[in-house]
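Welcome! Let's walk through this structure together, one question at a time.

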Amino acid sequence: MTAHLAVTDGIAVITLDNPPVNGLGLATRRALTAALGAAQADPAVKAIVITGAGNAFSGGADIKEFGSPIALQEPNLLSVILALEAATKPIVAAVHSVCMGGGLELALGCHYRLAAPGCKVALPEVKLGLLPGAGGTQRLPRALGVEAALNMIVSGESVNSELLMQVPGQQLFQRMADSPVTLLAQALAFAAEVASLRPLPLVRHLPAQHPQGDAYFQFARNMVGSMAKNFPAPLKCVDAVEAATQRKFDDGMRLERDTFLNLMWTPESRALRHLFMAERSASKVPDVPANTAQRAINSVAIIGAGTMGGGIAMNFLNAGLPVKMLEMKQEALDRGIATIRKNYEAQVKKGKLKQDKYEQRMAQLSTTLSYDDLKDADLVIEAVFEELSVKQAVFKELDRVLKPGAILASNTSTLDVNQIAAFTQRPQDVLGTHFFSPANVMKLLEVVRGTQTAPDVLVTVMALAKRIKKTAVVSGVCDGFIGNRMIEQYGRQAGFLLDEGCTPAQVDAAMEAFGFAMGPFRMSDLAGNDIGWAIRKRRYVEKPDMKYSKTADLLCEMGRFGQKTGAGWYDYVPGKRDAIVNAEVVKMIEDHRAALGLTPRKISDEEIVQRLVFSLVNEAAHILEEGIANKASDIDVVYIFGYGFPVYRGGPLNYANEVGLFNVVQAMQRFAQNPLDDARFWQPAPLLARLASEGQTF
Ligand code: NAD
């Protein structure tokens, strides 16, 4: 049973018991309703306490039911709350640890609420593009006050129970328990005390008013509107809270319900819910049991203290793990350590890191020039130059000194992890950990699984990723792994667009209007145009019949490598990110077009977006089909967390699903007719063609 009833001394205690967070799925709602009915019917019961087992009062709706009809199946949460309100015996909610979403709405339907200190209280629905749908927008303003309630509903952030107790005039919690340990005893005493008090107080009967009335809501709309640009839910939260101040309770409830159901159908909410599930499932690897025993990781060594090595080291130091860095020369170590210090000091200056924490972290960092010092490391991450011969030398040394069972990882972005593994006598212990730059900031980690990587090595690294607060996705071995393999096609399309008539600024503006943090040319300027150049030079040899625009090469020949040289597709003023259009670059593109004998045509923003985004989609379908990615949602996670794909569109494959795969394929077939484009690339990947013809989604 997911809720139990126990009666002692005239008080019934109903305990929600649905691990991990007492989610209010159908079974729990049924069990709770049954327990409530039994307590109501039992003449020995004078009052009722509702609490949660384990580490939560309730985390709210059961995520497995999201968006499915089961969430609405009776008794739905609204009906459960109505049943609480209709009870003829007083009900005390004893909340602790986590009281969120539907859990808080449930508590607000009780007559009294008692909180344990340290309880995290929130209505986080807005983070899924929704608003609270079981009375939260109507009851919280009445119980807590309009302004504090609106802040919670619009932000979705959790607030500690102690802080909420201090809100003037609040009726959210009548009392605070001394500690989570005494909560239940104090709840029983509270229930006994109020057992014979009548009438029973209901939050719905409290007034909800803001002294500034309309002016306050106008102000709130301005604030929320400018912050929530692409998301409809936050403004709808304001509407619903305003309704709580203007309408009768039941009318406000109707508005909340209608709005909730409408939001549920918006693409933005679908995208956010998709990403929520996608992020959770990213760590699950289909053919590796979740209960596979992990290897212990208590110390980390990093080879190479350059750009990536330093950033990677910071992740582990932040998580409290000791890190040893190895370089060939002392000067390189000194430089690497100085950069780490500089980064931490900037955080201290901004007040983001306490001085003592900074010192603790640096105390965990040590350096060496000798591989023999690494013999005790549990995990070694290599981040040396991107050259196979250098990697070979490093992995041979690691194989010589490391203890059995140590994990050997490479941060390579383009080399073959299987080849690197073969440099050792223990390929089962080798895998890739592809961090993104800046490695201490970017959330994405591609974990590259070699053909021989042992399952326990994989689960260990996936779990470690969580410890260092990364979102990790498993990729198979291929050139560019998931993310960079896709971006190569995107970059190629961006080049064709220039040849056909676009300017870099036009392409960037179209992609930024679509929602990307940066268009392809600004992004390339940030990453360094020389990186793409090096990759293309390799491609010209490996795949001589692959079509490319030459403008990016011409740009590099002009020495315009991007922000680091102050000049790329755009000009940059030192210290500023503004991209300034450069006439020479525009002329170079025009001259090149003329040399090819092309007449520029006007290209719509829609075509720009479709060609760039669908190029990602088609390559992603190949990646999925080849088993490089385990699931479509993993690819969306890569693009959201590593490449600035607009969150409200849920990733390239979620977006393709929204557009409809049939339409995506139709567009590809149109692009294939364009003689200046690459007809072969635009043949829909077999997986995509099949899904589209069957009317399915990724
Ligand atoms: P970097 O040039 O900044 O740093 C490399 C460091 O390795 C240098 O400090 C160098 O002294 C040291 N080194 C070279 N050979 C060594 C050896 N034999 N033993 C010990 N130390 C040695 O390079 P980076 O940008 O940090 O890249 C490192 C790795 O990470 C490469 O494989 C690269 O492809 C990959 N990577 C880079 C990025 C990025 O954006 N820079 C992103 C993802 C992955």
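Q: Does F481 count as buried or exposed, and at what relative accessibility?
A: Keep in mind that this is a predicted model. F481 lies in helix α18 and has a positive phi of about 50° although it is not a glycine. Buried means under 20% relative accessible area. F481 therefore counts as buried, at a relative accessibility of 0%.

Q: Which side chain does the side chain of Q489 make a polar contact with?
A: Q489 is found in helix α18, which spans residues 481-500. At 7% relative accessibility, Q489 counts as buried. The contact is 3.0 Å, and the partner of the Q489 side chain is the side chain of R492.

Q: Is N22 buried or exposed, and what is its relative accessible area?
A: N22 lies in the loop between β2 and α1. Its phi is positive, about 55°, although N22 is not a glycine. The cut-off for buried is under 20% relative accessible area. N22 is therefore buried, with a relative accessible area of 1%.

Q: What is omega near for the peptide bond from P19 to P20?
A: P20 is found in the loop between β2 (11-16) and α1 (26-41). The peptide bond that leads from P19 to P20 is cis, and its omega is near 5°.

Q: Which residue is joined to P199 by a cis peptide bond?
A: P199 has its place in the loop between α7 (183-194) and α8 (214-227). The cis bond there has an omega of about 0°, and the residue it joins to P199 is R198.

Q: What separation do the C-alpha atoms of L130 and G695 have?
A: L130 is found in the loop between β7 (120-122) and α4 (136-144). L130 is buried, with a relative accessible area of 2%. Along the chain, L130 and G695 are 565 residues apart, and their C-alpha atoms are separated by 28 Å.

Q: Which side chain is joined to that of Q138 by a polar contact of 3.0 Å?
A: Helix α4 is where Q138 is found. Q138 counts as buried, at 0% relative accessibility. The 3.0 Å polar contact joins the side chain of Q138 to that of T137.

Q: How many Å separate the C-alpha atoms of I407 and R295?
A: I407 has its place in strand β14, residues 407-410. With 0% relative accessibility, I407 counts as buried. I407 and R295 are 112 residues apart along the chain, while their C-alpha atoms are separated by 8.8 Å.

Q: How far does helix α10 reach from its first C-alpha to its last?
A: Helix α10 covers residues 249-264, which is 16 residues. At 1.5 Å a residue, the expected span is 22 Å. The reach of α10 is close to that expectation, at 22 Å.

Q: Why are the buried residues of α10 on the same side, and what arc do they cover?
A: The buried residues in α10 are F249, G252, M253, E256, T259, F260, L263 and M264. An α-helix has 3.6 residues a turn, so residues three or four places apart point the same way. On the other side of α10, R254 and N262 are exposed.

Q: What percentage of the ligand's exposed area does the protein bury?
A: Start with the ligand's oxygen atoms: one is 2.7 Å from a polar backbone atom of M308, and one is 2.9 Å from an N or O atom in the side chain of N411. A backbone N or O atom of G306 also lies 3.5 Å from an oxygen atom of the ligand. Taken alone, the ligand exposes 830 Å², and the share of this that the protein buries is 78%.

Q: Which element gives the largest share of the shell around the ligand?
A: There are 21 residues around the ligand, and M308, E327, E386, K391 and S413 come nearest. By class, the shell has 10 nonpolar, eight polar and three charged residues. The largest share, three residues, comes from α15.

Methods: Residues are numbered from 1 along each chain as its sequence is written. This is a predicted model: local features need pLDDT of at least 70, side-chain atom pairs count only at pLDDT 80 or more; totals for chains, interfaces and linings use all residues. Side-chain values use heavy atoms; hydrogens and water are left out. A residue is near a molecule or strand if one of its heavy atoms lies within 4 Å of it. A polar contact is a pair of N or O atoms within 3.5 Å; within protein, one must be able to donate a hydrogen and the other to accept it, and residues adjacent in sequence count only if both atoms are side-chain atoms. Accessible areas come from the Shrake-Rupley method with a 1.4 Å probe; for residues, only the protein chains shown count as cover. Helices (H or I, at least four residues) and strands (E, at least two) are DSSP runs, numbered from the N terminus. Ala, Val, Leu, Ile, Met, Phe, Trp, Tyr, Cys and Pro count as nonpolar, Asp, Glu, Lys and Arg as charged, and the others, Gly among them, as polar. The expected span of a helix is 1.5 Å times one less than its number of residues. Buried means under 20% relative accessible area, exposed over 50%, partly exposed in between (1.4 Å probe, protein chains only).
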